[in-house]
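Please look over the chain shown below before reading on. The report that follows takes up its fold, its core, one of its pockets and a few individual residues.

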Amino acid sequence: MGTKLKSILLECQIEKVFICGLTTPHCVSTTTRMSGNLGFDTYLVEDATVSFAIMDYQGFHLFAKWPYLKR
């Protein structure tokens, strides 16, 4: 969205996209979904992504790491 990445990947004949990064529920999630929507074989590298704890609508902290335990 708003970038030339799709055209660059197609020009380079890239078919598979491996995604890693920071803030999984935001940037990484959006990139992963968009890559799949654009028709690329998309893989999210679980141990190469990270998130921070977020708060749900009731004010409970949701932790990115299982089990959901406070430190």
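Where in the chain does Glu15 lie? Glu15 lies in the loop between α1 and β1, where helices (H or I, at least four residues) and strands (E, at least two) are DSSP runs, numbered from the N terminus. This is a predicted model, in which local features need pLDDT of at least 70 and side-chain atom pairs count only at pLDDT 80 or more, while totals for chains, interfaces and linings use all residues. Residues are numbered from 1 along each chain as its sequence is written, and side-chain values use heavy atoms, with hydrogens and water left out.

**Overall fold**

The chain has two helices and four strands, and along the sequence these follow the pattern α-β-α-β-β-β. Of the 71 residues in the chain, 13% are buried; buried means under 20% relative accessible area, exposed over 50%, and partly exposed in between, with a 1.4 Å probe and protein chains only. Among the contacts (heavy atoms within 4.5 Å) with a separation of 6 or more, 53% are between residues 24 or more positions apart.

Leaving aside neighbours within four places in sequence, Val17 is in contact with Leu9, Ser35, Phe40, Asp41, Thr42 and Tyr43. Val28 is also one of the buried residues of α2, together with Thr32 and Ser35, and the cover over the buried residues of this helix includes β1 (16-22) and β2 (41-50). Just after α2, Gly39 takes a positive phi of about 95°.

**The second largest pocket**

The second largest pocket has a volume of about 310 Å³. On a 1 Å grid over the protein atoms alone, a cavity is a set of points where a 1.4 Å probe fits but cannot get out, whereas a pocket is an open set with protein on both sides within 12 Å along at least five of seven lines, and lining residues have an atom within 4 Å of a point. Grid points are joined across faces, edges and corners, and a volume is the space filled by probe spheres set on the points. Twelve residues line this pocket, and those closest to its centre are Thr3, Leu5, Thr31, Met34 and Leu38. Two or more lining residues come from each of α1 (5-11) and α2 (24-37), and the largest share, four residues, comes from α2.

**Accessibility of individual residues**

| Residue | Relative accessible area | Class |
|---|---|---|
| Leu5 | 47% | partly exposed |
| His26 | 48% | partly exposed |
| Gln13 | 68% | exposed |
| Glu15 | 58% | exposed |

Leu5 lies in helix α1, and its C-alpha atom is 10.0 Å from that of Ser35, a residue 30 positions apart from Leu5 in sequence. His26 belongs to helix α2, and the C-alpha atoms of His26 and Ser51, 25 residues apart along the chain, are separated by 9.1 Å.

The loop between α1 and β1 holds Gln13, whose phi is near 60°, a positive value in a residue other than glycine. Glu15, in that loop as noted above, touches Phe40 and Asp41 when residues up to four places away in sequence are not counted. Between the C-alpha atoms of Glu15 and Asp41 the separation is 6.1 Å, although these residues are 26 residues apart along the chain.
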